[in-house]
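Trainee: I am new to this structure. Please take me through the sheet, piece by piece.

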Amino acid sequence: MGQGCVNRRTFVGALTMALSAGSVASQAQAAESCTAMTTDAQKAVTPAQAIERLKAGNARFVAGTPVNCDLMAMVKATAGAQAPFAAVVGCIDSRVPPELVFDQKIGDIFAARVAGNFVNTDIIGSVEFATKVAGAKAIVVLGHSSCGAVKGAIDEVKMGNLTAVLANIEPAVKATPLTGQKSSKNDAFVEAVADTNAKLTVQTLLARSAVIKELVDSGALAVVAAKHNVATGQVTFFA
């Protein structure tokens, strides 16, 4: 038998083993992702791990390799109780559903959504429940690119109850350095305001909620801002 045949057989064998190992790892990941969160599993997750879990899920989303689960099985598994590991405060934009963007399943995350991903008393109280009462280890304020609410706030749109909604984003507009025209047609300014808005929302959560601040100070909770790119699907986390 020639040396070339031996090398080829060795290469094929190594490749087969690598593919097999990858398949096993993929199956293990799927099994873990499709197992409903329990209180014990939630307690074992650290705030940093909760953020990493969301980042890994977004990487799967961007790569087009989401974990496929039996959702009805998860419905039944979570019918008696829930133990989500994270909470997401996001925009109502139809392109940014948190469960899909982070490739999470039923029972994994709390999602509070409002145009412009700001927080008020109702949403702050909701995430206090999600964390202090229900045990979530991270809060992610998720803004996104090309945000209509941000554009409306920049243009000072006045329309029914939307006027009051957009007023919550005005602080971000005022706090963002302006280069060029103050208009929703100024794409760079729109994106900068969206970034500022997400970061200011984190500050507001900590300033207005002693409950959340206490959890953060004790190391039991992480609160971070992030931004979803509606053109690529990628989520960028701000330090």
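Mentor: Among contacts with a separation of 6 or more, 72% join residues 24 or more positions apart; contact means heavy atoms within 4.5 Å. This is a predicted model: local features need pLDDT of at least 70, side-chain atom pairs count only at pLDDT 80 or more, and totals for chains, interfaces and linings use all residues. Residues are numbered from 1 along each chain as its sequence is written, and side-chain values use heavy atoms, with hydrogens and water left out.

Now the sheet. The chain has 11 helices and five strands. Both are DSSP runs, numbered from the N terminus: helices are H or I with at least four residues, strands are E with at least two. The five strands form an open sheet, ordered β2-β1-β3-β4-β5, with mixed pairing. β2 (109-113) and β5 (235-237) are the edge strands, each pairing on one side only. On average, neighbouring strands of this sheet are turned by 25° against each other, direction ignored. Two strands count as paired if DSSP finds at least two bridges between them. Strands of a sheet pair through backbone hydrogen bonds, either parallel or antiparallel.

Look closely at β3 and β4. Strand β3 (residues 138-144) and strand β4 (residues 222-228) run parallel, joined by seven bridges. Val-141 has its bridge partner in β4: Ala-225. Across β3 and β4 lies helix α10 (residues 187-208), at about 165° to β4. Axes here are lines fitted to C-alpha atoms, for helices over the stretch in contact; angles run from 0 to 180 degrees between N-to-C directions.
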